[in-house]
Amino acid sequence: PLLAGDDTNEPTSGSGIIPAGDDGQPLNLNFETGDLKDWTATGEAFAQQPIRGKIDPKRPFGADKNSFHTGECWIGGFEKLFDPPQGTLTSVPFKVTQPWASMLVGGGALPETRVELLNENGKPFFQIRGTNTEELSPVIIDLRDRKDKKIAIRIVDKSSDGWGHVNFDDFRFHEKKPTFKRPELLP
């Protein structure tokens, strides 16, 4: 997994705050419930999700790959149904309680494959795409101008082309701007 550090240059695993729903309970934005609880799927792109563990070892180029997800489960857009299916996966809205956020994103770099953060009116105010790699990479988001407002996450897969999929995991809030390192880069 990627390691995030909030307060020092010393990374710690699992740092940050999982956003809460209206009932005050942590939302399933890291998919650790093993299902799509707190998300609404349209289309077929996110059927059979989330993925458990590493990139599917049955794939010829996946046997020795690590997705760099956190925890046990993550969204692996290619892992089950490959690139053809399309659809969206949208989280329930939640209140921004901290000035910074992070998430892990991978998959295609196409404009049709992206992760969006939506404002209270459902309009995107932030978008990020993958870099044509299965491995998830950290994305840091400045939410200082969104504090105390509601947002939602939408994962968009509107492509059936090569790299027409999105990988996603672990949206969290942070009190301070986080830093990330992969374990193999640690001294």
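These are my notebook entries on a predicted model of a protein.

**Entry 1: overall make-up**

I looked up the secondary structure first. The protein has 13 strands and zero helices. Read from the N terminus, the order of elements is therefore β-β-β-β-β-β-β-β-β-β-β-β-β.

I then checked burial and surface. The protein has 187 residues, and 49% of them count as buried.

**Entry 2: Asn-30**

Where does Asn-30 lie? I found Asn-30 in the loop between β1 (3-5) and β2 (39-43).

Is Asn-30 buried or exposed? Its relative accessible area is 9%, and the cut-off for buried is under 20%, so I logged Asn-30 as buried.

I listed its contacts next, leaving out residues up to four places away in sequence. Asn-30 touches Ile-18, Cys-73, Asp-169, Asp-170 and Arg-172.

**Entry 3: aromatic pairs**

I went through the rings. A pair of aromatic rings is described by the distance of the centres and the angle of the planes. The count for this protein came to seven aromatic pairs. One of them joins Phe-31 and Trp-39, with 5.1 Å centre to centre and 25 degrees between the planes, and is stacked.

I checked the burial of both partners. Phe-31 is buried, at a relative accessible area of 0%. Trp-39 is buried as well, at 9%.

Trp-39 belongs to strand β2 and Phe-168 to strand β12 (residues 166-174), so the pair ties together parts that are 129 residues apart in sequence. Phe-168 is buried, with a relative accessible area of 0%.

Which residues make up the cluster? Ring pairs link Phe-31, Trp-39 and Phe-168 into it.

**Entry 4: a charge over a ring**

Last, I looked for a charged side chain over an aromatic ring. I found Arg-146 over the face of Phe-125, 3.7 Å from the ring centre.

How values were computed:
Residues are numbered from 1 along each chain as its sequence is written. This is a predicted model: local features need pLDDT of at least 70, side-chain atom pairs count only at pLDDT 80 or more; totals for chains, interfaces and linings use all residues. Side-chain values use heavy atoms; hydrogens and water are left out. Helices (H or I, at least four residues) and strands (E, at least two) are DSSP runs, numbered from the N terminus. Buried means under 20% relative accessible area, exposed over 50%, partly exposed in between (1.4 Å probe, protein chains only). Contact means heavy atoms within 4.5 Å. Rings of Phe, Tyr and Trp (its six-membered ring) pair if their centres lie within 6.5 Å; planes under 30 degrees apart count as stacked, over 60 as edge-to-face and the rest as tilted. A charge sits over a ring if NZ of Lys or CZ of Arg is within 6 Å of the ring centre and within 35 degrees of the ring normal.
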